[in-house]
Amino acid sequence: MIEARGLARTFTGRNGTVEAVRGVDLSVAPGEIVGFLGPNGAGKTTTLRMLTTLLAPTAGTAAVAGRDLRADPAGVRRRIGYVAQGGGTDPGVPVAEELDLQARLYGVRDRAARIAALCARLDLEGLGPRPAGSLSGGQRRRLDIALGLVHRPPLLFLDEPTTGLDPQSRGNLWDHVRAMRDRDGTTVFLTTHYLDEADALCDRLLIIDRGRIVAEGTPAELRRRVAGDVVTVELAEPAGVESARGALSAHPAVREAAVTGATLRLTVEDGEKALMSLIRALDGAGVELASLNLARPTLDDVFLTITGRSLREAA
Ligand SMILES: Nc1ncnc2c1ncn2[C@@H]1O[C@H](COP(=O)(O)OP(=O)(O)O)[C@@H](O)[C@H]1O
Ligand SMILES: [Mg+2]
């Protein structure tokens, strides 16, 4: 659905040159929900604006929804929907009017039916007469998405779809995006700087930092790239810690074991599976446990491993 090679964009201004995007290759298959994850300033919006024909690339090529970006930008525009960061609705215009205008703009024939169906699907029913500015944050985001979908594009671009929304509205929006893909097969390419959003919503992630893609894969694959799971064992008696270490460092799943006081920190392959036999080994060594904790690597650990910085700090 998207094939981009060497996409780059440089901005030249009074304060010099900014290489916002430095040669991005990416492929998105039909029906995928792909997340473009990276800190603020990484180049997400710039890439999206190039893929949606709003900004000319300095270098590179792309085919988007079956049309060449440079040769047929109008063809690309007809086949995609685009929801800008922060949306683009006029706060004074009623919801129904906004939708109708968009449908006319795209020459949608069955306007009324299409708008009614979209409003039903995106929980916008009854909001027609309300000015967009009077909607809640979540409602406005759903209106933005409805506007992007009016002409039934097979590919939808969403730039930071849930930024500024409360947790409940964010979860609700994720449900709508998933339903869109599951029901209509809509391919979704979205940017986000939220780790939980990337994890919960996306089939596949591209991680971008400083204008370059630094990693890609499913959230699970990316997590596997960093050191394994961490099991923290706290003993009832500090005296038992060395025999505990002895019992566990021979365990086939344990890669590393470090001791601090009465606490043993184990780096473990597939922690969830290993947990029971670790407990049995400790039991066999006569060690009494105070607590046991399993932590799986987060996407932030992945970003940290790859770039040396935390995504939270980088933002
Ligand atoms: N129109 C512009 N003129 C100059 N610099 C820009 C422009 N748009 C973006 N940039 C710069 O390009 C970099 C990437 O920006 P952007 O793509 O908006 O990042 P993101 O969406 O990941 O937060 C930033 O350093 C930003 O300041
Ligand atoms: Mg942005």
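**View 1. Isoleucine 2 sits across from valine 64 of β4 in this predicted model.** The two strands involved are β1 (residues 2-13) and β4 (residues 59-64), which pair in the antiparallel sense over five bridges. On to the next partner: β4 also joins strand β5 (residues 67-68), again antiparallel, through two bridges. There, alanine 63 faces aspartate 68 of β5. Two residues lie between the strands in this β4-β5 hairpin, and alanine 65 takes a positive phi near 50 degrees.

**View 2. Ligand 1 and the residues around it.** Follow the chain here and you pick up a run of neighbours: Pro39, Asn40, Gly41, Ala42, Gly43, Lys44, Thr45 and Thr46 are among the residues surrounding ligand 1. Phe11, Val18 and Ala20 belong to the surroundings too. A backbone N or O atom of glycine 41 is 2.7 Å from an oxygen atom of ligand 1, and one of alanine 42 is 3.2 Å from a ligand 1 oxygen.

**View 3. An open sheet of six strands, in the order β6-β7-β8-β3-β9-β10.** Pairing in this sheet is mixed. The edges go to β6 (80-83) and β10 (212-217); each has a single partner strand, so one side of each has no neighbour in the sheet. On average, neighbouring strands are turned by 15 degrees against each other, direction ignored. Helix α5 (residues 137-149) lies across β6 and β7 (155-159), and runs at about 150 degrees to β7.

**View 4. The β9-β10 pair with helix α11 packed on the sheet.** Strand β9 (residues 204-209) pairs with β10 in the antiparallel sense, over five bridges. Aspartate 209 is found opposite arginine 212 in β10. Helix α11 (residues 299-307) touches β9 and β10, and its direction makes about 45 degrees with that of β9.

**View 5. A closer look at α11, from its cap to the glycine that follows.** Which residues of α11 are buried? They are Leu299, Asp300, Val302 and Phe303. Their arc around the axis is only 155 degrees, which means they share the same side of α11. At the N-terminal end, threonine 298 does the capping: one of its side-chain oxygens lies 3.2 Å from the backbone nitrogen of aspartate 300. After α11 comes glycine 308, with a positive phi near 80 degrees.

How values were computed: Residues numbered from 1 in each chain as written. Chains lettered and ligands numbered in written order. Predicted model: local features only at pLDDT ≥ 70, side-chain atom pairs only at ≥ 80, totals over all residues. Heavy atoms only, no water. Pairing = 2+ DSSP bridges. Helix = DSSP H or I, 4+ residues; strand = E, 2+ residues; numbered from the N terminus. Axes fitted to C-alpha atoms, helices over the stretch in contact; angles between N-to-C directions. Contact = heavy atoms within 4.5 Å. Buried < 20%, exposed > 50% of the residue type's maximum accessible area, 1.4 Å probe, protein only. Arc of directions from axis to C-beta. Polar contact = N/O pair within 3.5 Å; in protein donor to acceptor, adjacent residues only side chain to side chain. Near = heavy atom within 4 Å.
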